[in-house]
Amino acid sequence: MMKRVTFDDVGDLERIKREIMLSIIYPLKRPDLYELYKKGIKSSILLYGPPGCGKTLLARATAGEVRAKFYNIKTADLLSKWYGETDKNIQFVFEEARKNAPSILFFDEIDSIGSPKNGEHHERRILNAFLTELDGFEDRGDIMILAATNSPWNIDPALMRPGRFDKLLFVPPPDFKARIEIFKIHLRGRPVASDVDLEELAKLTEGYSGADIREICNDAATFPLEEALQGKPLREICMEDLIKAIKGRRPSLSYWLRLAKLKIVERKMEEFFPELFEYFKELVAEEKISGYA
């Protein structure tokens, strides 16, 4: 049975957690208050940003916070080469969510469906089928929709119109504070030596994603594990293991950042992703990166 994930398992990202709390979790927990203040409870959020920075984890944690039925849908799996089958698959997913409310539909890699694909008829029909389901959820009550993409520049603007995906939230690479929290989470429950300095590890992993840090912790655990398998005395994971693991793993984010800036500007979509461009400006101001202003 999969472990229940909550926001305690997500390192930092407090602003995004707050947005999700207000838009998805509280409407499910306190619909009476939302009714009192005439605040609609229909909500759809699109999370975008580089891979490995917590989009899927945020979605799972959202479901865990309210114990809702969680549908983790890889949108590529909905696609079929047979005419009309993709439309049926999309309809089936929404019908299941209605039957099993309260529920959260999470569409991962939403660009598989939400891309204009140069306007090809087949792809446009699939997108229209998805938009029809979104538009038909005006009175869906305790069914919420989350989606995520690593390629926001491939999303059709029709999906990002208010009333469809109401909020577009940038999930950034982890900052210093977040990296400390992520190390804490992934070292939790392991035998760790007292010389492990989380702040120093966070300094050494500037530009690393949360997924990179998870693998660093796994790599570091491998060193004492291999020694134990060879019959050597059991020992804790020490700072030297973690530094060695960091040196053996390159950060994965720089390519995505450059590609994102290039593609979004090329497709004139800057207005949809202001948070991302604010992030670029901060990087330049802090001299962490050049050429993004």
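**View 1. Pro152 is buried, with a relative accessible area of 1%.** Buried means under 20% relative accessible area, exposed over 50% and partly exposed in between, with a 1.4 Å probe and protein chains only. The model is predicted: local features need pLDDT of at least 70, side-chain atom pairs count only at pLDDT 80 or more, and totals for chains, interfaces and linings use all residues. Residues are numbered from 1 along each chain as its sequence is written, and side-chain values use heavy atoms, with hydrogens and water left out. Pro152 sits in the loop between β4 (143-149) and β5. Helices (H or I, at least four residues) and strands (E, at least two) are DSSP runs, numbered from the N terminus. Leaving aside residues up to four places away in sequence, Pro152 touches Tyr48, Trp256, Ile264, Met269 and Phe273. Contact means heavy atoms within 4.5 Å. Phe170 lies 18 residues from Pro152 in sequence; C-alpha to C-alpha, the two are 9.9 Å apart in space.

**View 2. Helix α12 (residues 274-285) has 12 residues.** At 1.5 Å a residue, α12 should span 16 Å; its end C-alpha atoms are 17 Å apart, which agrees. The expected span is 1.5 Å times one less than the number of residues in the helix. Leu276, Phe277, Tyr279, Phe280 and Leu283 are the buried residues of α12. They cover an arc of only 150 degrees around the axis, which puts them on the same side of α12. The arc is taken over the directions from the helix axis to the C-beta atoms. Among the elements covering these buried residues are β1 (44-48), β5 (167-170) and α11 (254-266).

**View 3. Helix α7 (residues 176-187) also has its span checked.** Its 12 residues should span 16 Å at 1.5 Å a residue, and the end C-alpha atoms are 17 Å apart, which agrees. Buried in α7 are Ala178, Arg179, Ile180, Ile182, Phe183, Ile185 and Leu187. These buried residues pack against α8 (198-204), α9 and α10. Gly189 follows α7; its phi is positive, near 85 degrees.

**View 4. Helices α9 (residues 210-229) and α10 (residues 239-247) pack at an angle of about 125 degrees.** Their axes are 8 Å apart. Axes are lines fitted to C-alpha atoms, for helices over the stretch in contact, and angles run from 0 to 180 degrees between N-to-C directions. α9 and α10 are therefore oblique to each other. Angles under 35 degrees count as roughly parallel, over 145 as roughly antiparallel, 65 to 115 as roughly perpendicular and the rest as oblique. From α9, Ile216, Cys217, Asp219, Ala220, Phe223 and Pro224 meet Asp241, Leu242, Lys244, Ala245 and Ile246 of α10.
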